[in-house]
Amino acid sequence: MQLTVWTYEGPPHVGAMRVATALKDVHYVLHAPQGDTYADLLFTMIERRDRRPPVTYSTFQARDLGQDTAELFKTAAREAYERFRPQAMLVGASCTAELIQDDPGGLAAALALPVPVVPLELPAYQRKENWGAAETFYQLVRALSPRREAVPRRPARERKCCNLLGPTALGFRHRDDVAEVTKLLALLGVDVHVVAPLDASAADIAKLHQADFNVVLYPETASQAANYLQRAFAQPFTRTVPIGHGATCEFVAEVAKLAGVDPAPALAAPGARSPWYAKSVDSTYLTGKRVFVFGDATHAVAAARIAARELGFTVVGLGTYSREFAREVREAAKLYGVEALICDDYLEVEQHIADAQPELVLGTQMERHVAKRLKLPCAVISAPVHVQDFPARYSPQMGFEGANVLFDSWVHPLMMGLEEHLLAMFREDFEFHDGAAASHLSHASAQATPAEDTPALVAVASAGTGPAAAPEVAAPAAAAANADAAWAPDAQKELQKIPFFVRGKARRNTERFAVERGVALITVETLYDAKAHFAR
């Protein structure tokens, strides 16, 4: 274990809560001390749900440890059933309660409740939240599905149907992704049989086997259940996650093959604007922008593909906190010539971002904070997220409309950065400096100190191959720590006069020039010497 003030994933029982909260008539009884009830706030405050999670806690206290904590759990489970009358129950222990080894599954079985009770064995000190969600969903599917020998052969249908697997409570844009993929399937003539766990009932889980195939939207939570349904009921499932225009086209082709339908109607549907926007003149200055990607494996791999293939960015970093999917992320990283970062320490991730000197960060809520400290544009692409990433508006990540949303949310921070640069460039102009009055007020006057003309400095950034890279990514102290040569204050001030979208390359070229010549302190003279050297 590691003491930290922030974590990408909670313990596995939080993953179980995400599944239970997503379901309609399933209740989760959690053997937990008084302090472990904090998880409710994740759903009511961050996701802004209009009701509490369907979770009952045994809430034992320190004084109860010398008594019968097992009886406390049995009482909590019995009262939860009598009060909520669920159609199925999940029982388990939190990370703290796991230490007292009361066996919630055995205790619940002794109650002989008249509904299925699914015991969860979630090793809190070896696994984390996404694994807990996947294991909970798998155990629930396995417990509620009928015996395979009792299932009749699936009848031939005029229209094929499928299940959408993986969306949970507290999921990043899961609600809108489900709506978008459902529309896409309708264009193919494929019906949605069950969406699970989100908004599914225990009866819905029990009839998952009736569908012709499964669509796995989020492998982190659904791949285990999908593999079980394939083994038990010969249900194939999709491997392509439709995030990005290219992946959506591949997803349509894959579903069409499974359903035996023509993919043309879905591929020809209007609304896919992101490919043209990415090719338009307004977007050409984005080509080659350096981007660092970090998040859960599904969203990180998809984001890197979109950045490189659809927007023309250069991927300078790719990583995930999902250790269970490290192999997939490493394989993806090879495509971009970078080494995958498999890490759940946000401070280490921050250091990798600073070292990579990207111009855009695509990550989680934590990377948003990191990018703010490093003065970098950022877009959130993955959980964990905060309240602003559960918008009231329709904002999917999947499908053709999702590709449009991604284009806007990734490109706009860069565009806003350009506007900020223009404001900064003219901040010392005699008409526009901070002390100047509004230009339409003829009676007002102001003293001005125009900035020195320093366009020649841009030549430092134009050296080398590839498009100009951009913003300075670290404060002076951090930059000095990452380079062999330190920057003098006057050189730092001069560097700030270079436009943000080439400033990063100017910094790197100057530091390389200084290191090669053994210059320990970069001055204004060094900056101009580097400019002259690279302008040859």
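Predicted model: local features only at pLDDT ≥ 70, side-chain atom pairs only at ≥ 80, totals over all residues.

Me: OK. How many helices and strands are there in the chain?

Reply: The chain has 21 helices and 14 strands.

Me: And what share of the residues is buried?

Reply: Of the 536 residues in the chain, 54% are buried.

Me: What about the accessible surface of the chain, how much is there?

Reply: About 24600 Å². Carbon and sulfur atoms own 53% of that surface.

Me: And how much of the contacts comes from residues 24 or more positions apart?

Reply: Counting contacts with a separation of 6 or more, 72% are between residues 24 or more positions apart.

Me: Let's do helix pairs. At what angle do α3 and α4 pack?

Reply: About 55 degrees, with the axes 10 Å apart. α3 covers residues 69-84 and α4 covers residues 104-111. That angle is why the two helices count as oblique to each other. Their crossing is right-handed.

Me: Which residues make that contact?

Reply: From α3 you get Ala70, Phe73, Lys74, Ala77 and Arg78, and from α4 Pro104, Leu107, Ala108 and Leu111. By class, the contact of α3 with α4 splits into 7 nonpolar, no polar and 2 charged residues.

Me: How do α6 and α9 cross?

Reply: Helix α6 (residues 174-188) and helix α9 (residues 245-259) cross at roughly 50 degrees, and their axes come within 11 Å. So α6 is oblique to α9. This crossing is right-handed.

Me: And who's touching whom there?

Reply: On the α6 side, Val181, Leu184, Leu185 and Leu188; on the α9 side, Thr248, Phe251, Val252, Val255 and Ala256. The contact of α6 with α9 has 8 nonpolar residues, 1 polar and no charged ones.

Me: One more pair: where do α14 and α15 sit in the chain, and how do they cross?

Reply: α14 is residues 346-356 and α15 is residues 365-373. Their axes come within 10 Å and cross at roughly 45 degrees, so α14 and α15 are oblique to each other. α14 passes α15 in a right-handed crossing.

Me: Switching to the backbone. Where are the cis peptide bonds you flagged?

Reply: One joins Ala196 and Pro197, with omega about 0 degrees. Pro197 is in the loop between β6 (191-196) and α7 (202-206). The peptide bond from Ala383 to Pro384 is cis as well, with omega near 5 degrees.

Me: Tell me about Pro384, then. Is it buried or exposed?

Reply: Pro384 has a relative accessible area of 18%, and anything under 20% counts as buried, so it is buried. Pro384 lies in the loop between β12 (378-380) and α16 (399-425).

Me: What does Pro384 touch?

Reply: Leaving out residues up to four places away in sequence, Pro384 touches Trp6, Thr7, Tyr8, Tyr321, Thr364 and Gln365.

Me: Which residues have a positive phi without being glycine?

Reply: Arg85 is one of them, with a phi of about 50 degrees. Arg173 is another, at about 60 degrees. They're worth a look because most residues other than glycine have a negative phi.

Me: Where do those two arginines sit?

Reply: Arg85 is in the loop between α3 and β3 (88-93). Arg173 is in the loop between β5 (161-165) and α6.

Me: Last one: is Arg173 buried or exposed?

Reply: Arg173 counts as buried, with a relative accessibility of 11%.

Terms used: Residues numbered from 1 in each chain as written. Heavy atoms only, no water. Helix = DSSP H or I, 4+ residues; strand = E, 2+ residues; numbered from the N terminus. Buried < 20%, exposed > 50% of the residue type's maximum accessible area, 1.4 Å probe, protein only. Contact = heavy atoms within 4.5 Å. Areas by Shrake-Rupley, 256 points an atom, 1.4 Å probe, with all protein chains shown as cover. Axes fitted to C-alpha atoms, helices over the stretch in contact; angles between N-to-C directions. Parallel < 35°, antiparallel > 145°, perpendicular 65-115°, else oblique. Left-handed = near helix turned anticlockwise from the far one by under 90°. Nonpolar A, V, L, I, M, F, W, Y, C, P; charged D, E, K, R; others polar.
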